Amino acid sequence: MLQIDRWKRILIIGLCVIGLFYAIPNLFYQRVEAHNDAVAMIEKTGVETPELIAARDGWPGWMPSGLVNLGLDLRGGAHLLAEVQLEQVYKSRMDSLWPELRRDMTAARDQLGAVRRVASPEGTLRIEIGEQAGMSRAVEIVRSYSSPVTSLTGAGQSSLAIRTEGNAIIVQLSDAEKSATNDRTIQQSLEIIRRRVDEVGTREPTIMRQGEDRILIQVPGIGSAEELKALIGTTARLTFNSVVGTGTDPDAPVEFGQSVLPSVDQPGFYYTIENNPVVTGEELTDAMPATDQNGMPAVDFRFNPTGARKFGNYTAANVGQPFAIVLDDEVISAPVIRQAITGGSGQISGSMNFEEANRLAVLLRAGALPTELTFLEERTIGPELGQDSIDAGRTASVVGFVAIVAFMIATYGLFGVFASVALAINMGLLFGLLSMLGATLTLPGIAGIVLTIAMAVDANVLVFERIREELRSARGPARAIELGYERAMSAIIDANLTSFIVAAILFTLGSGPVKGFAVTLTIGLVTSVFTALWLTRLLTIMWFERARPRQIEV
Amino acid sequence: MAFRLKLVPDNTKIDFLRWQVPTFGLSVVLSVISVVLMLVMGMNYGIDFKGGTTIRTESSQPVDIGAYRQAMSPLNLGDVTITEVFDPTFRADQNVALVRISAQEGLEAVTPETINAVEAALQEVDPSITFPSVESVGPKVSGELINTAIYSVLAALVGISAYIWMRFEWQFAVGAMLSLAHDVLVTLGLFALFQLKFDLTTIAALLTIVGYSINDTVVVFDRLRENLIKYKTRPLRDLINLSVNETLSRTIITSGSTLMVLVIMIFLGGDVIREFVLAIAFGILIGTYSSIYVAKNLVLWLGVRRDWGKKDEAKKNASPFSGAEESP
C-alpha cells in the first residue's frame, strides 16, 4: 500500500542532505572564493603570509569548497575566439626544407643538372632540375627527407607528398602529416597561450580547442579583450640574424634567403638580413625586465648552453659587424658587436616603455607561438554589467520563487506546502550538483533555472491533479495518493525525457550562451524529477502516516 | 472546507474540437504570415549571426542619439544602429544605449582601431560615458553560428518526433512535429514583425519553447493514450475532447505559473535577457494553444489505430508504420 521502504527513505533523505551540503559554499561565495584562492596560492608558492592564512581559515577545510563558476557575462572579463593559421606552418616547413634539399641535390649535380626552386603556391616546393633523366635520383633524394608519420590515424604514411611534372618535382606535406602537424601546432599554441595567461595570474581562465583550427580563450577579470589580445595575439618569435645591409627602400632587391625588415625605432629605415637565424628565442632560458645603461627600459635575457655557444661563436667571428634582434618580423635593434659575447646573456633595448618591456619579458619567457592567430570573435563584459545581471537575476528568482510558492499553496493547500519544500530543496540540489561538477553559470543559465522551477512545478501539478481525479472516483485517500503517483508517472517521464532530448542537443551543438542554458536545464531536469517523484512523495507519506486522515483534500 | 484557488472547475466538458476547422485555418494562416514576414521584413539579426560590433554605453548624462550618430559619422562605418535601452532595474542616473556597427567590408578579424575610434568619438560627446561591454563577431564565425543554430533547432524537432514515434504512434509524432514547427515559425514571425533582436540567445529561447510545447503536448497525448485503452469504442473525437478537458486544470496551472515567473523576469530580470524571456513567454502561450489545436487536430485527421489490447500490447503495437486505419 502507501509506503516506502526504510532504505529508500534513507537514500532519498541522504541524497538531499549531500546535495544541500555541497550547495552551502555558494551562500558564502566571497569567503569561499578567497579561501580557494589562498589555498591555491599557498600550494603554488609555498609561502604562508598572514593574509593568506586568514583567508584560508575564513572557511573550514572539511567543508566542501566547490563553487558554481560564474560565466563571463556575470563576472565580467574577456572572450576571444582565435583561428590558428595552420597554412603558415606548412609554408615554413617547406621553406626550411629547401636549403637542405638544395645542398643534397647540388651535390648530385652530375646526374641532375642545374637545380632551382621556382615560384609555387604557398606550402609547396617546386624544384626544377636540368636533366630529365635524373628525375628518379632527384625523387630519391627528396624521399630521404620523408619520414613515416607517427600518429594514430596516419600510421604507415610518409610525411612528404612528392609528385613529378615534366622536369619539376613538387613537394608538399602529406595529408596525414598535415593533420599530425595541425594537432601538434594547436597543442603547442594552447600550451603557450595558457602559460602567457597564467603569467598574468587571473582566476580560472578557459583555454580550449574548438573544432579543427580554433582556440577559445575566456579570461574572467581581465579589463578588455584588447588587453588579452595584446598578451596572446603576439607570435613573439625572437631571432638573432646577421645583417647584410641597410637602406630606406622596403623593396630593395635581395638574394634568395634574405629579406628586408622594417626597423621599430626608425620609421622608414630597413635592414636586409639573412633569413636563417643565428639563435632563436627557443634557446632562451629566462627573460626579465631591466634598464639599460641610460636608465631606459630594456629586457635582460639568458641563453641555454647551446644557444650561448652558438651566440658566442657567431659574435667571436663577426666583431665589428651589426646583428639584428628581430621580433615578429620587425627589427627591434641592430647593435654592432664590440666583442665576443660568451657569457650567454644579453640585453634588448630599444624604444619601449616599462609596461612594454614587462610584456616582452613575459612573452619571451612563455615562448613563441608556432604560428599567427587571427581573431574571429571578441567580447568584453565589464564587471559592473555582470554584477547588475547577477542582482537582477537574483531578485527575479526570489520574487518568482515566492510567487510560485504562494500560488501552489493557494491551489493545493498542504500539498502545495510539500511541493514548495521540495522546490526549495530542488534549487539547493541544483546548485549542489552545479558546484560538484564545477559547472559555469551564465545569464541564460539563470533563465534555465527559472524554467526548471516551472518544470518542477509541472511534475507536482500532474501528480496532484491526478490525485484529485482519483479522489473524485471515490477512492480512499491512501489509494488515491498511490494511484496519483503511479498514473502521473508516464506523463512526467515522457515530458522530462523529451525536454532532456532538447537539452542534450543544445549542449552538443550550442556554444556560449546556449550551452550555459543547456547545462542548468539538464541538471535541473534531473533534480526536479527526483524531487517531484520521490521527495514530495516521501513528504506526503510521512505526513500521511502521522496524521492518518480519513479524508484528504488536494 | 479549506480555501482552494480553483482556476478551472471540476469536470469541464468543453468541446474544444468544435473550433477545429477555424483554429487549424488560423494556425496555417499564422504560419504563412510568419514566413512572409520573415521574407519581406527580414530578421533583425544580432552580431552573432551577421557579424559586426555591439558597444553598450552607460552614462550619467541622458542619451542623445543624434549627437552620438553625428560624432560617429566621420568614421564612415557604414550601417550604424543606436538604440536607447530602458529598464525598470536601472538607477535614475543610469542611461544606457546600444551602438551596433555592421561588419566592416573585407575584414575577417575585428579591428580594435575601429572600436577605439568609436569609443573616443563618443567620449568627445559625453565625457562621463563608459563602455560596460564590447562584443565583436567576424563574418566567418557568424555564418557558422547561424548554420549551427538552424541545425540545432531541426535536430531538436527530429529527435523529439523520433521519441514520440517510439513511445506513441506515428500520427502523434507527426502532430507533435508540425505543432512544434508551427510554434517556432510563429515565434520567428513575431520577431520579424517587431524587429526584435535575433541572436544566439534567441535560439536558446526557441529551443526552450520547443521543449515546453512538447511537454504540454506529451501530457495530453499521454492521457489520450490512456483513454484510448480505457474506452475502446468511443469515437476519437470525443476522447481527444475528454483528454484535453481532464488535463485542462493542469495545463492552466502549469502555464499560468510558468508565465507568472516569466513576467516577473521580464520586469525584474534586467534588460540583457529581456528579449530572451519575452520570446519564451510568447512561445509558452503559443505552445499551449498549439498542443491542443495543432497537435490534436492532426492526430484526429490522421486517425489512430484502435485495436490495442492491454497496455503491454499497446507498447508492442507502437511499432513504426503499424498501418493506421481511419477511426470512425
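**The contact between the chains**

Modeller: UniProt, in an unreviewed entry, places the feature "domain: Protein export membrane protein SecD/SecF C-terminal" at residues 118-303 of chain B; UniProt positions follow the numbering used here, feature names are shortened, and annotations may be inferred rather than shown by experiment. The model is a predicted one, in which local features need pLDDT of at least 70 and side-chain atom pairs count only at pLDDT 80 or more, while totals for chains, interfaces and linings use all residues. Residues are numbered from 1 along each chain as its sequence is written, and chains are lettered from A and ligands numbered from 1 in the order of writing.

The span 118-303 of chain B is 82% helix and 5% strand, and its end C-alpha atoms lie 62 Å apart. Here helices (H or I, at least four residues) and strands (E, at least two) are DSSP runs, numbered from the N terminus. Chain B as a whole has 11 helices and six strands, and its C-alpha trace spans about 80 × 55 × 35 Å along the principal axes. Of its 328 residues, 44% count as buried; a residue is buried if 20 or more other C-beta atoms lie within 10 Å of its own, exposed if 12 or fewer, and partly exposed in between, with C-beta atoms placed from the backbone. Among the contacts of chain B with a separation of 6 or more, 77% join residues 24 or more positions apart. Two residues are in contact if their C-beta atoms, placed from the backbone, lie within 7 Å.

Between the chains, 58 residues of chain B are in contact with 58 residues of chain A. On the side of chain B, the elements giving two or more residues are strand S5, helix H5 (139-167), helix H7 (200-230), helix H9 (248-268) and helix H10 (274-302). H7(B) gives the most, with 13 residues. By class, this side of chain B has 32 nonpolar, 17 polar and nine charged residues. Ala, Val, Leu, Ile, Met, Phe, Trp, Tyr, Cys and Pro count as nonpolar, Asp, Glu, Lys and Arg as charged, and the others, Gly among them, as polar.

Strand pairing also links the chains. Strand S18(A) pairs with strand S5 (residues 130-137) of chain B in the antiparallel sense, over five bridges; two strands pair if DSSP finds at least two bridges between them. Within this pair, A:Glu378 stands opposite B:Ser136. S18(A) also pairs within its own chain, with strand S2 (residues 77-84) of chain A, antiparallel and over eight bridges. There A:Ile381 of S18(A) faces A:Gly77. In general, strands of a sheet pair through backbone hydrogen bonds, either parallel or antiparallel. Strand S18 of chain A covers residues 373-381, and eight of its nine residues are buried, so it is largely enclosed by the rest of the structure.

Chain A also holds an open sheet of three strands, in the order S13-S14-S17, with antiparallel pairing. S13 (284-291) and S17 (345-349) of chain A stand at its edges with a single partner strand each, so one side of each lacks a neighbour in the sheet. Strand S14 (residues 297-303) of chain A pairs with S17(A) over five bridges, with A:Asp300 opposite A:Gln347.
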